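Please look at the sequence and the structure first.

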Amino acid sequence: MYTAQGTINRDALLEEHLPAVRRQALSLQVKLPSGIDLDDLIQAGTIGLLDAMQRFDPNAGASFSTFANQRIRGAMIDELRTRDWLPRSVRRNARLLEQSLRQLEQRLGRAAEEREIAAEMGVSLEEYHRLLLDTNSGHLLPFEEIVAESGEPEAGAGAPATPFSALVDHEQREQLVTAIEQLPEREKLLMALYYQEELNLKEIGVVLGVTESRVCQLHSQAIKRLRTRLV
């Protein structure tokens, strides 16, 4: 995408990659609360695309598509992180759930069942399921959350990866893979369908034979198991 003068044709690049902005926005939207507007994600992603056009260095080795997709996704995630849609009481209950889950599974030496977790928290199974739904929206993109909390630079941030940061990234991913392997089979399948196959909640529900609401509960529970083992 170059002009006759050998410079990047920004208008052509923008037109070519705008559909990718919408695709990424739609992909993220299915993982978010209903109050998150698609147009807001698209707007943030478009800003990320424009930023990529300004910062792209064709001599760096990566293709523009790869670089732009990282910037688009990063801009959308940054937009989401500026929002705080979970009430303080829900966040407090989420921390209590993770603490209870960590203690229970350490004591049991295995993945705890839902009834056991509810009993550990001193709530009914119905209350536990409701808490899972309430807190599901607070766990967007778990690996990126964990990486961000560790202080590691985000992909596409422009700074070259050092050998140490590459090692940390590799070790974290290895830990994540190990933690996922330890999940109960249904939750492990859900994670694969959600993050690898990129199915939406309705499609996953059809595969698992459960409702979309139940998929949200299982996803929230799986993320909490992972966080107790990785954070």
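How many helices and strands does the protein have? The protein has 11 helices and 0 strands. Helices (H or I, at least four residues) and strands (E, at least two) are DSSP runs, numbered from the N terminus. Along the sequence the pattern reads α-α-α-α-α-α-α-α-α-α-α.

This is a predicted model, in which local features need pLDDT of at least 70 and side-chain atom pairs count only at pLDDT 80 or more, while totals for chains, interfaces and linings use all residues. Residues are numbered from 1 along each chain as its sequence is written, and side-chain values use heavy atoms, with hydrogens and water left out.

**Overall picture**

Of the protein's 231 residues, 40% count as buried. Buried means under 20% relative accessible area, exposed over 50%, and partly exposed in between (1.4 Å probe, protein chains only). Contact means heavy atoms within 4.5 Å. Among contacts in the protein with a separation of 6 or more, 66% come from residues 24 or more positions apart.

**Helix α1 against helix α3**

Two packed helices are described by the angle between their axes and the distance between the axes. Helix α1 covers residues 10–29 and helix α3 residues 64–81; their axes come within 10 Å and cross at roughly 45 degrees. That makes α1 oblique to α3. Axes are lines fitted to C-alpha atoms, for helices over the stretch in contact, and angles run from 0 to 180 degrees between N-to-C directions. Angles under 35 degrees count as roughly parallel, over 145 as roughly antiparallel, 65 to 115 as roughly perpendicular and the rest as oblique.

The crossing of α1 past α3 is right-handed. A crossing is right-handed if the near helix is turned clockwise from the far one by less than a right angle, and left-handed if anticlockwise. From α1, the contact uses Leu13, His17, Ala20, Val21, Gln24, Ala25 and Leu28. From α3 come Phe64, Ser65, Asn69, Ile72, Arg73, Met76 and Leu80. These residues divide into 9 nonpolar, 4 polar and 1 charged. Ala, Val, Leu, Ile, Met, Phe, Trp, Tyr, Cys and Pro count as nonpolar, Asp, Glu, Lys and Arg as charged, and the others, Gly among them, as polar.

The expected span of a helix is 1.5 Å times one less than its number of residues.

| Helix | Residues | Number of residues | Span between end C-alpha atoms | Expected span |
|---|---|---|---|---|
| α11 | 212–230 | 19 residues | 27 Å | 27 Å |

In α4, the buried residues include Val90, Ala94, Leu97 and Leu101. Glu98 and Glu105 are buried too. Gly109 follows α4, with a positive phi near 75 degrees. α11 is mostly covered, with 16 of its 19 residues buried.

Glu114 lies in helix α5, residues 114–121. Is Glu114 buried or exposed? Glu114 is buried, with a relative accessible area of 14%. Not counting residues up to four places away in sequence, Glu114 touches Leu125, Tyr128, His129, Arg214, Leu218 and Gln221.

Gly74 sits in helix α3. Gly74 is buried, with a relative accessible area of 14%. The C-alpha atoms of Gly74 and Gly48 are separated by 7.3 Å, though these residues are 26 apart along the chain.

Leu199 lies in the loop between α9 (185–196) and α10 (201–208). Leu199 is partly exposed, at 24% relative accessible area. Its contacts, not counting residues up to four places away in sequence, are Leu193, Tyr194, Ile204 and Val207. The C-alpha atoms of Leu199 and Ser27 are 9.1 Å apart, across 172 residues of chain.
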